[in-house]
Amino acid sequence: MSETEPTEGTVESITPDELKERIDSGEGVFILDARSEGDFEEWHIDGENVEIVNYPYFKLLDGIPEDLLAELPEDREITVLCAKGGSSEMVAVHLEDEGYDVNHLEYGMKGWARIYEYTELDTETEATIAQYRRPSSGCLAYLVVSDGEAAVVDPLRAFTDEYVQDANALGADLKYVLDTHVHADHISGLRNLADDTDATAVMPEPAVERGVEYDQRYETVEDADALTVGDVEIEVLYTPGHTTGMTSYKVGDVLFTGDGLFTESVARPDLEDPEAAKDAAQTLYQSLTEKILPLPDDTIVAPAHFSDSATPNDDGTYTADLGELEATMDALTMDEAEFVEFIVADMPPRPANYEDIIATNLGQQSPDDEEAFELELGPNNCAASEEALTD
């Protein structure tokens with residue numbers, strides 16, 4: 001069912017950024033999510049200080065029923081949201097008529113998905129390294145800047161302009177755009193950035209073997225290769241398991257692990273080939289134990305995603321020291337057989353539209369910008385567990 005047009009009455013609105021600031025500050029937030037039950041269960045705003053009720057808007061066309069009124073606070077502001085912002089305004093008008101203190105979220109969950117945050121990491125590396133965070137999906141990307149040159153790791157198509165602007169603000173031009181693997185949860189900005197700038201698109205050679213069909217030029221890298229950006233090198237570590245092409249990149253003490261290792265979990269091994277999940281889990285174990293865990297304990301693990309169960313650092317970033325992860329994540333100290341059985345035992349639902357997203361990132365489908373944005377709405381689900389595996 002499509003959303004209704006806004007009613008003639010109007011109520012105060014709140015922008016996605018304003019709502020995010022309230023949640024981050026610890027302020028108590030009460031949300032009435034007027035989307036369908038299925039959409040709500042798949043994806044909604046969460047937080048320790050967020051109280052949320054789901055009630056589909058099509059049950060609210062004629063007003064607010066008594067059972068919902070019983071769930072709503074009379075002494076707190078209520079934020080109503082929907083998919084795009086139209087239906088939430090209608091519902092908010094009904095609530096205002098009932099005497100509630102209410103606002104509605106501008107542009108709905110599509111507006112929430114436009115939030116993109118930038119924070120520079122505290123590292124020992126002779127480069128500026130910034131982490132980008134998309135709270136709606138848990139996607140992370142990175143900007144590396146050194147001596148007038150820059151590289152972006154795991155960019156999102158929806159935010160390509162921001163990478164260019166931020167590099168320019170730091171006095172740098174993009175030299176490389178890198179993907180760690182063929183993503184299954186978001187549309188990559190690799191080709192768009194390469195088209196819009198003089199940057200070179202870089203893919204891991206094993207990832208290309210999955211059937212990449214790009215019209216534009218790109219380069220490939222293999223294990224032990226290195227790329228130079230200003231005064232630093234980007235070292236290439238082949239770390240398959242999540243996918244056959246999964247590759248990590250290391251800059252100084254920072255390891256961009258893609259979807260191989262997260263701050264709260266390890267990769268799921270079933271998105272490329274569900275029938276080969278056990279074999280992929282064995283490969284993941286070898287990548288973790290032979291390539292990643294032998295690195296120094298103070299190596300900063302910088303993943304491509306975070307889940308709702310991940311705990312952010314004080315500055316809002318999602319990174320962790322490798323030694324800390326090994327000490328707190330039992331999966332990293334299991335033997336191979338135990339690890340494989342554990343990882344494949346109870347994997348979460350696959351990301352929404354993941355087959356179309358993979359096909360797009362391989363260059364086999366060509367959705368326009370709006371279609372691409374719609375495809376990737378929702379959580380990433382790239383970890384092997386929905387709960388944190390850390391103590």
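## Sheet, cores and local contacts

In this predicted model, strand S11 (residues 200-204) pairs with S12 in the parallel sense, over three bridges. Within this part of the structure, Met 203 stands opposite Thr 220 in S12.

These two strands belong to an open sheet of seven strands, whose order is S6-S7-S8-S9-S10-S11-S12 and whose pairing is mixed. Strand S6 (117-120) and strand S12 (219-221) are the edge strands, each pairing on one side only. On average, neighbouring strands of the sheet are turned by 25° against each other, direction ignored. Helix H6 (residues 160-169) packs on this sheet and touches S6, strand S7 (128-134), strand S8 (139-146), strand S9 (149-153) and strand S10 (173-178). The direction of H6 makes about 30° with that of S8.

The largest nonpolar core has 35 residues. The residues with the most contacts inside this core are Tyr 116, Leu 143, Ala 150, Tyr 163, Leu 174 and Met 203. Strand S8 gives the most to the core, with four residues. For Leu 174, leaving aside neighbours within four places in sequence, the contacts include Leu 143, Ala 150, Val 152, Val 164 and Leu 193. Also in contact with Leu 174 are Thr 197 and Asp 198. A second, separate core of 26 residues includes Ile 129, Tyr 176, Tyr 249 and Tyr 318.

The cysteines can be considered next. A search of the whole structure finds zero disulfides. The sulfur of Cys 139 has its closest cysteine sulfur in Cys 382, and because the separation is 7.5 Å, the pair is too far apart for a bond. Cys 382 is likewise in no disulfide, its nearest cysteine sulfur being that of Cys 139. Cys 139 counts as buried, at 0% relative accessibility, and Cys 382 also counts as buried, at 0%.

A further local feature concerns Asn 54, which is placed in strand S3 (residues 50-54). Its side chain reaches two backbone oxygens, as listed below.

| Side chain | Backbone oxygen | Distance |
|---|---|---|
| Asn 54 | Asp 33 | 3.0 Å |
| Asn 54 | Arg 35 | 3.0 Å |

Leaving aside neighbours within four places in sequence, Asn 54 is in contact with Asp 33 and Arg 35, and also with Ser 36, Glu 37 and Phe 40.

Key
Residues numbered from 1 in each chain as written. Predicted model: local features only at pLDDT ≥ 70, side-chain atom pairs only at ≥ 80, totals over all residues. Heavy atoms only, no water. Polar contact = N/O pair within 3.5 Å; in protein donor to acceptor, adjacent residues only side chain to side chain. Contact = heavy atoms within 4.5 Å. Disulfide = S-S within 2.5 Å. Buried < 20%, exposed > 50% of the residue type's maximum accessible area, 1.4 Å probe, protein only. Pairing = 2+ DSSP bridges. Axes fitted to C-alpha atoms, helices over the stretch in contact; angles between N-to-C directions. Core = buried A, V, L, I, M, F, W, Y, C linked by side-chain atoms within 4.5 Å.
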